[in-house]
Amino acid sequence: FKRRDFNYGHVFIRPETFEDKLSEIFKKSERDFKEFPKFSSKYYFLSDNEPLAHAFATSSRLQLIEKQREILIEIKEDRLITKYSRKLTTEDCENMIEFIERI
């Protein structure tokens, strides 16, 4: 958990599934970033406000997120919550601490 200095609305980022890719054929709901194809193919990015989503999705943040393994991020206004969806290792804990410090 980390409190941010800015209200980003509601942002949800999680690993993209095959089902997500299929549903995008029929209804576009996620935000993709052309300049970050690796991020866009790896993560599913939802937001209730496009300008606020782009304010959060800076180059440095997207690069930091795309280096993670299976991280889930939810932002509600100025509160950021993040977790891994798997059993954690010591390396995961160290990576999460570094991630939270840098995001």
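Select Asp20 first: this residue is buried, with a relative accessible area of 7% (buried means under 20% relative accessible area, exposed over 50%, partly exposed in between, with a 1.4 Å probe and protein chains only). Arg14 forms a salt bridge with Asp20, the closest N and O atoms being 2.6 Å apart (a salt bridge is a side-chain nitrogen of Lys or Arg within 4 Å of a carboxyl oxygen of Asp or Glu).

This is a predicted model: local features need pLDDT of at least 70, side-chain atom pairs count only at pLDDT 80 or more, and totals for chains, interfaces and linings use all residues. Residues are numbered from 1 along each chain as its sequence is written, and side-chain values use heavy atoms, with hydrogens and water left out.

**Stop 1**

Select Glu16 and Lys21. They form a salt bridge, with the closest N and O atoms 3.1 Å apart. Is Glu16 buried or exposed? Glu16 counts as buried, at 14% relative accessibility. Lys21 is partly exposed, with a relative accessible area of 39%.

How many salt bridges does a search of the whole structure find? The count is 9. Go next to Arg3 and Asp78, whose side chains meet in one at 3.1 Å, N to O. This pair links distant parts of the chain, 75 residues apart. Arg3 is in strand β1 (residues 2–3), and Asp78 is in the loop between β4 (71–76) and β5 (79–84). Helices (H or I, at least four residues) and strands (E, at least two) are DSSP runs, numbered from the N terminus.

**Stop 2**

Switch to cartoon. An open sheet of 5 strands runs in the order β1-β5-β4-β2-β3, with antiparallel pairing. Two strands pair if DSSP finds at least two bridges between them. The edge strands are β1 and β3, each pairing on one side only.

Start at β1. It is joined to β5 by 2 bridges, and the two run antiparallel. Arg3 stands opposite Arg79 in β5.

Cross to β4. Here 6 bridges join β4 to β5, again antiparallel. Select Ile71: its bridge partner in β5 is Tyr84. Ile73 stands opposite Thr82 in β5. Then look at the turn. The hairpin of β4 and β5 has 2 residues between the strands, and Glu77 takes a positive phi near 60° there.

Show the side chains of β5. In a regular strand the side chains alternate between the two faces of the sheet. The covered face of β5 has Leu80, Thr82 and Tyr84. Arg79, Ile81 and Lys83 make up the uncovered one.

**Stop 3: the core**

Which residues touch the most other members of the largest nonpolar core? Select Ile13, Phe39, Ile65 and Phe99, out of 23 residues in that core. A nonpolar core is a set of buried Ala, Val, Leu, Ile, Met, Phe, Trp, Tyr and Cys residues joined through side-chain atoms within 4.5 Å. At least two core residues each come from β2 (10–15), β3 (43–47), α3 (50–56), α4 (59–66), β4, β5 and α5 (90–102).

Centre on Ile65. Residues it touches include Ile13, Phe39, Tyr43, Phe56, Ile71, Ile73, Phe99 and Ile103, not counting residues up to four places away in sequence (contact means heavy atoms within 4.5 Å). Widen to α4, whose buried residues are Arg61, Leu62, Leu64, Ile65 and Glu66. Their cover includes β2, α2 (37–42), β3, α3, β4 and α5.

**Stop 4: the rings**

Select the aromatic side chains. The whole structure holds 6 aromatic pairs. Rings of Phe, Tyr and Trp (its six-membered ring) pair if their centres lie within 6.5 Å; planes under 30 degrees apart count as stacked, over 60 as edge-to-face and the rest as tilted.

Phe33 and Phe39 form an edge-to-face pair, 5.9 Å centre to centre with 65° between the planes. Both are buried. Move on to Phe39 and Tyr43: their ring centres are 5.6 Å apart and their planes at 25°, so this pair is stacked. Tyr43 is buried, as is Phe39.

**Last stop: Glu35**

Glu35 lies in the loop between α1 (18–26) and α2. It counts as exposed, at 57% relative accessibility. Draw a distance from its C-alpha atom to that of Leu64: the two are separated by 14 Å, and lie 29 residues apart along the chain.
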